[in-house]
Amino acid sequence: MAALGSVGLGLWAPAPALSQGLRGFCTSRGAAAAVRAEQLAEKLRAQKREEQKQEEPKNPVLRRVRELTQLSKQLQRVHPNVLAKALKHGILYQNQELVVIDKPYGLPVHGGPGIQNCITDVLPILAKMLDGMKAEPLHLCHRLDKETTGVMVLARDKDTAHWIQGLFKTRQVEKKYWTISVGLPVPSEGLVDIPIVEKEVQSHQSHYKMTLAPNYRMSPESGKMVKVRPNRDAHSAVTRYRVLASSPSCSLLELQPITGVKHQLRVHLAYGLGCPVLGDHKYAHWNKLAPQKLPENTLKRLGLEQAKVRHLPLHLHAHQLTLPTGTSGDKQLHLVCRPPRFFTNTLKRLKLEIPESLEK
């Protein structure tokens with residue numbers, strides 16, 4: 001028993017020779033474990049490099065789409081301070097009352113399930129970056145869909161926010177969007193005045209969509225337009241549009257929503273004019289959730305196969321907002337934002353040119 005060591009105060013200590021052996025055994029085992037861990041780490045790194053190499057799209061369009069997707073994911077993963085800094089770099093205009101930002105693609109305005117970062121969450125941080133640590137958080141004045149880019153107005157205080165929100169509510173703000181549509185609207189300029197309602201789509205994968213709820217329909221007997229009973233759940237929706245440029249099967253449109261119904265522009269284009277927004281997979285079909293079907297010549301110009309169309313982003317951009325200013329509203333503030341790079345790259349591929357008068 002003495003060879004094993006001594007016992008004192010209820011503690012056991014190994015004999016010197018055995019202690020040295022144990023230390024040697026532990027050291028060699030630890031070194032072996034470290035080597036195996038390093039080998040495993042290197043194997044995983046090599047695997048990841050090989051996967052990235054295999055997944056890197058050769059098609060330049062798919063490469064840009066992948067970059068955009070990765071950017072959207074990065075915006076969800078970055079620290080809120082980094083996101084606030086990115087928004088700060090995208091400021092289009094600011095004064096003592098307003099801060100106007102260029103909203104990036106894929107960044108939601110509000111939080112929700114699965115959303116780690118959103119614009120609302122970083123407004124206090126952005127305010128401190130602009131006006132110091134004691135600054136009041138910035139306030140939202142309106143919203144844009146997650147996939148929509150462009151002009152977004154923030155207020156420095158609650159009173160200004162309520163004032164701007166009132167201007168939107170009373171339709172005193174002139175909004176102009178640019179979009180690339182699949183197809184050419186006929187006529188090339190006009191007004192869509194069709195109410196919109198949300199309905200459940202009954203399919204193998206039930207879901208909800210906004211759709212048209214017209215007040216008139218074509219009579220099968222007489223072939224004339226007859227008035228129908230209005231849907232009490234429908235919202236009045238009015239959109240002005242005009243074609244800025246066109247090429248076979250695609251167009252660049254300017255849209256001016258008079259009302260502000262959820263997904264109004266997308267629904268009026270897809271179901272009202274039959275010219276859906278490029279990359280709008282939600283409203284590509286009514287009874288199913290599936291990628292948008294594109295004409296052959298559009299696929300050819302984009303350099304895409306139909307199987308890869310699901311990667312195309314929504315091409316809808318908030319190009320301009322005009323706000324009444326001054327005590328009597330006799331002056332106007334024009335806020336303009338150029339389209340993002342993926343939008344202009346698509347324009348070039350489709351040979352759609354922005355009119356020179358609008359590029360200034």
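**The pocket, the cores and the strands**

β15 supplies the largest share of the lining of the largest pocket, five residues. Strands such as this one, and helices, are DSSP runs numbered from the N terminus (H or I with at least four residues for helices, E with at least two for strands). The model is predicted, so local features need pLDDT of at least 70 and side-chain atom pairs count only at pLDDT 80 or more, while totals for chains, interfaces and linings use all residues. Residues are numbered from 1 along each chain as its sequence is written, and side-chain values use heavy atoms, with hydrogens and water left out.

Stay with the pocket. Its volume is about 700 Å³. A pocket here is found on a 1 Å grid over the protein atoms alone: an open set of points where a 1.4 Å probe fits, with protein on both sides within 12 Å along at least five of seven lines, and lining residues have an atom within 4 Å of a point. Grid points are joined across faces, edges and corners, and the volume is the space filled by probe spheres set on the points. Of the 32 lining residues, Arg143, Lys175, Tyr177, Thr259 and Gly260 are the closest to the centre. The elements giving two or more residues to the lining are α5 (158-169), β7, β14, α6 and β15. By type, the lining divides into 13 nonpolar, 10 polar and nine charged residues. Ala, Val, Leu, Ile, Met, Phe, Trp, Tyr, Cys and Pro count as nonpolar, Asp, Glu, Lys and Arg as charged, and the others, Gly among them, as polar.

Now the overall picture. The chain has nine helices and 16 strands. Of its 360 residues, 40% count as buried. Buried means under 20% relative accessible area, exposed over 50%, and partly exposed in between (1.4 Å probe, protein chains only). Residues 24 or more positions apart account for 62% of the contacts with a separation of 6 or more. A contact means heavy atoms within 4.5 Å.

What does the interior hold? In soluble globular proteins, nonpolar side chains tend to be buried together. The largest nonpolar core here has 31 residues, and Ile101, Ile119, Leu154 and Leu255 have the most contacts inside it. Such a core is a set of buried Ala, Val, Leu, Ile, Met, Phe, Trp, Tyr and Cys residues joined through side-chain atoms within 4.5 Å. At least two core residues come from each of α3 (80-89), β4 (98-103), α4 (119-131), β6 (149-155), β14 (250-257), α6 (264-272) and β15 (316-325). The largest share, five residues, belongs to α4. Not counting residues up to four places away in sequence, Ile119 touches Ile101, Lys103, Leu107, Pro108, Val109, Leu140 and Met152. A second, separate core of 19 residues includes Val182, Leu302, Leu304 and Ile354.

Follow β14 next. Eight of its eight residues are buried, so β14 is largely enclosed by the rest of the structure. In a regular strand the side chains alternate between the two faces of the sheet. Cys250, Leu252, Glu254 and Gln256 point one way from β14, while Ser251, Leu253, Leu255 and Pro257 point the other way. β14 pairs with β7 (residues 174-182) in the antiparallel sense over six bridges; two strands pair if DSSP finds at least two bridges between them. Ser251 in β14 is the bridge partner of Ser181. Strand β13 (residues 238-247) also runs antiparallel to β14, joined by eight bridges. Here Arg240 stands opposite Gln256. β13 and β14 form a hairpin with two residues between them, and Ser249 in the turn has a positive phi of about 75 degrees.

Past β14 comes a loop to α6, and His263 lies in it. This residue is not a glycine, yet its phi is positive, about 60 degrees. His263 is buried, with a relative accessible area of 13%. α6 is mostly covered, with seven of its nine residues buried. Gly274 follows α6 and has a positive phi near 70 degrees.

Lys351 is exposed, with a relative accessible area of 58%. Finally, a cis peptide bond joins Val186 and Pro187, with omega about 0 degrees. Pro187 lies in the loop between β7 and β8 (189-193).
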